[in-house]
Amino acid sequence: MKLAILYQQSEPLAKDDTKELVKIKEDCVAASQALKMKGLVRIDCREDKNGVFKIFDFNAKPNITGGVRPHRKNQYRLTMIAARAAGLTYRDLLLKMLGTA
């Protein structure tokens, strides 16, 4: 399972292997497995004032619009930004989604 951490409204983190981020990734995987979620899921988390990340939303049908329309070039949604940070192209993401159907 590939995960990507985004920070500050759509910016992928340069380094996402800190203890806190490793922990929230593990928590996200455990939570999605406990809820028996299948396919693409975007999990939103927030960092509190003490640096602890908390899960607050599961998006079982996240927007996956890519920046492919002429009037929206380079306007990607959070899901696609995260996929790109995990090394996936838009096509890769769609193929992975079809593979889980």
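Where does K61 lie? K61 sits in the loop between β4 (53-59) and α2. K61 is exposed, at 81% relative accessibility. Exposed means over 50% relative accessible area, buried under 20%, and partly exposed in between, with a 1.4 Å probe and protein chains only. The C-alpha atom of K61 is 6.8 Å from that of V41, and the two residues are 20 apart along the chain.

This is a predicted model, in which local features need pLDDT of at least 70 and side-chain atom pairs count only at pLDDT 80 or more, while totals for chains, interfaces and linings use all residues. Residues are numbered from 1 along each chain as its sequence is written, and side-chain values use heavy atoms, with hydrogens and water left out.

Start with the overall layout. The protein chain has three helices and four strands. Along the sequence they follow the pattern β-β-α-β-β-α-α. The chain holds 101 residues, and 22% of them are buried. Its accessible surface is about 7,400 Å². Carbon and sulfur atoms own 52% of that surface. These areas come from the Shrake-Rupley method with a 1.4 Å probe; for residues, only the protein chains shown count as cover. Contacts, meaning heavy atoms within 4.5 Å, also give a view of the fold. Take those with a separation of 6 or more: residues 24 or more positions apart account for 37% of them.

Now turn to D44. This residue lies in strand β3 (residues 42-47). D44 is buried, with a relative accessible area of 14%. What does the side chain of D44 make a polar contact with? The partner is the side chain of N59, at 3.1 Å. A polar contact is a pair of N or O atoms within 3.5 Å; within protein, one must be able to donate a hydrogen and the other to accept it, and residues adjacent in sequence count only if both atoms are side-chain atoms. Set aside the neighbours of D44 within four places in sequence. D44 is then in contact with K54, I55, F56, D57 and N59.

D44 also takes part in a salt bridge, with R42. The N to O distance is 2.9 Å. The rule for a salt bridge is a side-chain nitrogen of Lys or Arg within 4 Å of a carboxyl oxygen of Asp or Glu. R42 is partly exposed, at 23% relative accessible area, whereas D44 counts as buried.

How many salt bridges does this rule give? The count is three. One of them joins D27 and K23, with the closest N and O atoms 2.8 Å apart. D27 and K23 are four residues apart in helix α1 (residues 19-34), so about one helical turn separates them. An α-helix has 3.6 residues a turn, so residues three or four places apart point the same way. D27 is partly exposed, at 27%, and K23 is partly exposed too, at 45%. Another salt bridge links K54 and D48, at 3.7 Å from N to O. K54 is partly exposed, with a relative accessible area of 47%. D48 is partly exposed as well, at 26%.

Next, the cysteines. A disulfide is a pair of cysteine sulfur atoms within 2.5 Å, and the count by this rule is zero. C28 is in no disulfide; its nearest cysteine sulfur, that of C45, is 3.7 Å away. C28 is buried, at 10% relative accessibility.

Two backbone angles deserve a look. Most residues other than glycine have a negative phi, and most peptide bonds are trans. K36 has a phi near 55 degrees, a positive value in a residue other than glycine. K36 is found in the loop between α1 and β3. It is exposed, with a relative accessible area of 68%.

Which residues of helix α2 (residues 78-85) are buried? They are T79, M80, I81, A82 and A83.

Technical notes. Helix = DSSP H or I, 4+ residues; strand = E, 2+ residues; numbered from the N terminus.
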